[in-house]
Amino acid sequence: MNHYFDMNRRKFLKNSAMTTTALVVGTSFMGVASRVVAGVLDKPASDAMAANLFVALRTDGSVEITCHRSEMGQHVRTAIAQIVADEMEAAWDQVHVIQAKGDPAYGDQNTDGSRSIRFNLQRLREMGASVRFMLESAAAKKWGVAVSSCRAELHVVKHTSGKKLAYGDLVNEALKIKPPEASKLTLKSRKEWRYINTGMTHIDSKDIVQGKAHYAADVRIPNAKVAVIERPPVLGGKVKTLDDKAARKVKGVIDVVTIPTPEGAPMFLPKGGVAVVAESTWAAMQGRKALKIVWDDGPNAAYESDSFKASLLKTVNSPQAHVREIGDAAKVLSAASKKNRHSADYYMPHLSQAPMEPPCATAMYHGDRVDVWAATQNPQADMETVGAMLGLDKSKINVHVTLLGGAFGRKSKPDFSAEAAYISKKTGKPIRVQWTREDDLQHGYYHAASAQHIEAALDNKGNIEAYLHRTAFTPIASIFSAGATAPFSFEMDLGFTDNPINTPNMKLERGEAKAMARIGWMRSVSNNFHAFAVQSFIDELAHKAGQDPKDFLLSAIGPDRVIDVTQQKAEYLNYWSDKSVYPLDTGRLRRAIEEVVKISKWGRKLKKGRGLGIAAHRSFLTYIATVVEVEVSESGELDIIKSWVSIDAGTVVNTDSVINQTQGGSIYGITNAISHGNTFKNGRVEQSNFHDYRVARMSDSPLEVEVSIIQSEEAPAGVGEPATPVYAPALCNAIFAACGKRIRQLPIGDQLKAS
C-alpha cells in the first residue's frame, strides 16, 4: 500500500468526473479518424473500392485503411493508420479504420510478440505510397502533364503550375492505374513524415470514453444463447459421472452440453467440461452451480506447487544441457576463492495474464461454415482451432475481431472460440461463451514457473571472470507436443541465450521440467524470469565488489560491441529477425542505462529507508533500462515512490503509445513482483479471483512513471512487452538499497517483514 497515494473514494470520483468531462466536453476529437468495427460490428462503406489489400477509396475521396492486427489497448489501429495515411498523404480527418477479419491474405495476424510494427512498417508504407502514386498519376493524366510535376499533399494533388485536384475527383481514374512494384516506389524521407514518429490520439478514444466501443461481450446476434462451462479442475481430467437434472430445472436453462477433453497435446483446443446453455448469463451461471459432476482427474492430479518448486531448484543446482559457452567457466569457478565467488538461486511462480476482460466469443454454426465474433489476438489461430474442433477446413471459419479489453498473450490461444463453435453445432443456435474471472484464473494458460541458478567469479578488480547460469521452467513446448519437457529454442532466446555480460568465460545451461498445467506465453514470456535473475544477480555482484550498482552494471556489459552468440556454440533465432538488421548491440543497451541514470538523478542523497534500484535488458529487440525508487518502513511496509524508464525501440510510429505502453508494462511488472501467482494443490489452481490473485492496484503503483524515448533511426522494435521484465529486478534491487533485504523469490509477499 503506497502511503503517498492519498485518494479516497470521494476524491477519486470527483477527479475522475473532472477528467472525463475534460476529455469528452473539452476535447472535440477533431482530427481523430473515425472508427468502424468489422463484420456485424463493422461494415466498410458500400461505395469503397479497393486500391490494394490495406487501402480502399470511397467515391467522396475519403480513405478506408484496414487494420489486420488486434486492438487491445496498444493503439495498433491508430499506428497502422498513421503509417499508411502518412505515405499516401491522406488528411487525418478523411481516414476511416476498418478492422480486418481473419484472412491469410494479410500474412501474419498474430498480435503477439511485439511485432505488429516491426513486421509491417515497411510494407504498410509501401501500401500508402502505391496509392499516392496512383492518385498523382491520375492527376497527371487529367492534366496531360508528367507525373514528376505532380505532388500529393493532405488529400490534394498539386501541380507545379498551382493547379489542384482533390482526391475525391481522382478516385475512379486512380483505381485504373497499376502502381509499380514496391522496390520502385518512392517513399517519403524521415523529414517529410507527417504522422509517423508523432504522438496522436487513439482513434477509439471517443467511443471508449462514451461507452460505444464494442468488445466481445457486447456482441448480440439475434436469438443467441449464453453458455458458461464447468471445466475439468485438473488438466487432462474427464467427466466420470454427470447429473444435470437440477441444472436443467433452473429457469432460463435450455440445454447442457458435454465438451470432450482433447487427447495428446492440448494446443488451443478447449480443456473440456460441461456447458450450461441458457437465455441469459445469470441463468447459465446458476445452472452451472446446480451441476453434479464427479471428475476423473487423470495423471496431473498429483501436481503440487511446493514440491515442484523444490524439484526445479534441485534441477538448476546440477549440470544440465548446453545452451551457450565460451572459455571454461567451470574451471575458473572451481579455482576461485570463496571471497571472489558468489552464487544465488531465483524463483518465479506460475502467473496468469489476467486481462480485465475475461475471454469471450460468439459463434454461429451454419453446417458448412462457421461465423465467430471474438476478442482474439490471432484470428487465423481461431480459424485453425475452430476448424479442427468441428472437422471443417479453416477456410470455412469466418472470424470477426472485436476490441480486446486487455490480452497479454491469453487471447492468442482461442480455446474460447472453439468452445462457442462446438456448442453452437451441438445446439443449432448461435452461442456466446462467457468466461468469468474464476474461469480465467483457474483454467487458462499459465506463464511458466521457473528456477534459476547463477554463479560468478570476480577477479581482484571486481570484473566478472567467469559466469555460469542454469535455467529450468515448464516449457511452452508442452502444449504443442505431448510430454515435452525441454523448451523450444525461442524460449531460451528470451533473456537467456542473448546474455550481454562481458566475460571471457561463460556457460549457459538449461534443464527440463514436466508441465502439468497448460503453459502459454504471457507478456514478455521467458524474459520475465531470466531478466529477474540476471539483473538481480548483477546487483548482488556489485555489492560484493563494493561498487555502485550502476557502475558495475555498465562494467558488466562492457564496451560497445555487437555480440553474435552463434559464435559461442549457441542457437539463436533473434526474435525471428535478421541479425544484420537487429544485432545484439551493447552500445544501445549502455545508452539506455546512461539515459535512465540521468533522468532519475542516480546517486542523489535519499532519506533513510529509501533506495534506488536499476535494471536493464534487451527484449523483443528493444533496449530498455529502469530505475525504481522505493521506501521501506521499519515494519516492512513497501511504497514505490517513482519509476524512470529509458527505451530505445528504434524507429517509433506513435510516441504517445510508446510512453503509454512503457508505463503500462512497468505496472504489469509490479504485478509480476507482488502477485501471489498461481499455485497448485492436487492438480487444482488454488486462486480464484483478485482477492487471492493479487494484481497491482493504484495504491501499489508509483505516482509517476517517467519515460524517455531515445530517438533512433534503427529498424522498429517491440514496445508492448520490454518494460515488464526489467521492473521486478529494479524493484527488488531498490528494496535491497533501502533496507538490506535481498529478494530472490517472487512474489515479494511478506518477505520484507521476515526477521
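Two strands pair if DSSP finds at least two bridges between them. Strands (E, at least two residues) and helices (H or I, at least four) are DSSP runs, numbered from the N terminus. This is a predicted model, in which local features need pLDDT of at least 70, side-chain atom pairs count only at pLDDT 80 or more, and totals for chains, interfaces and linings use all residues. Residues are numbered from 1 along each chain as its sequence is written, and side-chain values use heavy atoms, with hydrogens and water left out.

**View 1. Strand S9 and its antiparallel partner S12.** Buried means under 20% relative accessible area, exposed over 50%, and partly exposed in between (1.4 Å probe, protein chains only). S9 and S12 (residues 273–278) are joined by 5 bridges. Ile 229 has Ala 275 of S12 as its bridge partner.

**View 2. Strand S19 beside S9 and S16.** With S9, S19 pairs in the parallel sense over 3 bridges; here Lys 225 is partnered by Ile 431 of S19. With S16, S19 (residues 431–434) pairs in the antiparallel sense over 4 bridges. In that pairing, Arg 432 of S19 is the bridge partner of Thr 362.

**View 3. The hairpin of S16 and S17.** Strand S16 (residues 360–365) is mostly covered, with 5 of its 6 residues buried. S16 runs antiparallel to S17 (residues 370–374), and 5 bridges join them. Tyr 365 has Val 370 of S17 as its bridge partner. Between the strands of the hairpin lie 4 residues, and Gly 367 takes a positive phi near 100°.
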